[in-house]
Amino acid sequence: QVQLVESGGGLVQPGGSLRLSCAASGFTFSSYHMSWYRQAPGKERELVAAITRTGTGTSYTDSVKGRFTISRDNAKNTVYLLMNRLEPEGTALYYCSAVTGNGSQRYWGQGTQVTVSS
């Protein structure tokens, strides 16, 4: 059974850092592109960062470029999101997602809450 389990969220002060993790099981992790999305109350879910199967290609939404880093460890079936210099606008439920190259199959985790507040 496919599972994506996020962890690492919590309360952090503006300017602080968090590293999110997403542990995958039940599918061939290395065959899927991985991504992180976030959704704040009353807002649409937005793509934050994405990484290719091998980890050699990454992309980020403009608002987090230079501050967030997505990475993956295929030996551990885990994808990470390192978030530096966090801002209150980063407060959201963060989800990891796995998708095939053609978009025909997508899996979602349950989300982990990140709250940036002083």
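Predicted model: local features only at pLDDT ≥ 70, side-chain atom pairs only at ≥ 80, totals over all residues.
Colleague: How many aromatic pairs does the structure hold?

Modeller: The structure holds six. Phe-27 and Tyr-32 make an edge-to-face pair, 4.8 Å centre to centre with 75° between the planes. Both residues are buried. Tyr-95 and Trp-108 also form an edge-to-face pair, at 6.4 Å centre to centre and 90° between the planes.

Colleague: Which strands does the pair of Tyr-95 and Trp-108 link?

Modeller: Tyr-95 is in strand E9 (residues 92-99) and Trp-108 in strand E10 (residues 106-108). They are 13 residues apart.

Colleague: Why does Tyr-95 count as buried?

Modeller: Buried means under 20% relative accessible area. Tyr-95 has 11%, so it counts as buried. Trp-108 has 36%, so Trp-108 counts as partly exposed.

Colleague: Where does the charged end of Arg-45 sit?

Modeller: The charged end of Arg-45 sits over the ring of Tyr-95, 3.8 Å from the ring centre. Arg-45 also lies over the face of Trp-108, at 4.7 Å from that ring centre.

Colleague: Which residues form one aromatic cluster?

Modeller: Phe-27, Phe-29, Tyr-32 and Tyr-107. Tyr-32 also belongs to the contacts of Arg-53.

Colleague: Where does Arg-53 lie?

Modeller: Arg-53 is in the loop between strand E5 (46-51) and strand E6 (58-60). Its relative accessible area is 34%, so Arg-53 is partly exposed. Beyond its sequence neighbours within four places, its contacts include Ser-31, His-33 and Arg-72. Its side chain reaches the backbone oxygen of Ser-31 at 3.0 Å. Arg-53 and Arg-72 are 19 residues apart in sequence, yet 8.8 Å apart in space, C-alpha to C-alpha.

Definitions and conventions. Residues numbered from 1 in each chain as written. Heavy atoms only, no water. Helix = DSSP H or I, 4+ residues; strand = E, 2+ residues; numbered from the N terminus. Buried < 20%, exposed > 50% of the residue type's maximum accessible area, 1.4 Å probe, protein only. Contact = heavy atoms within 4.5 Å. Polar contact = N/O pair within 3.5 Å; in protein donor to acceptor, adjacent residues only side chain to side chain. Phe/Tyr/Trp six-rings, centres within 6.5 Å; stacked < 30°, edge-to-face > 60°. Lys NZ or Arg CZ within 6 Å of the ring centre and 35° of its normal.
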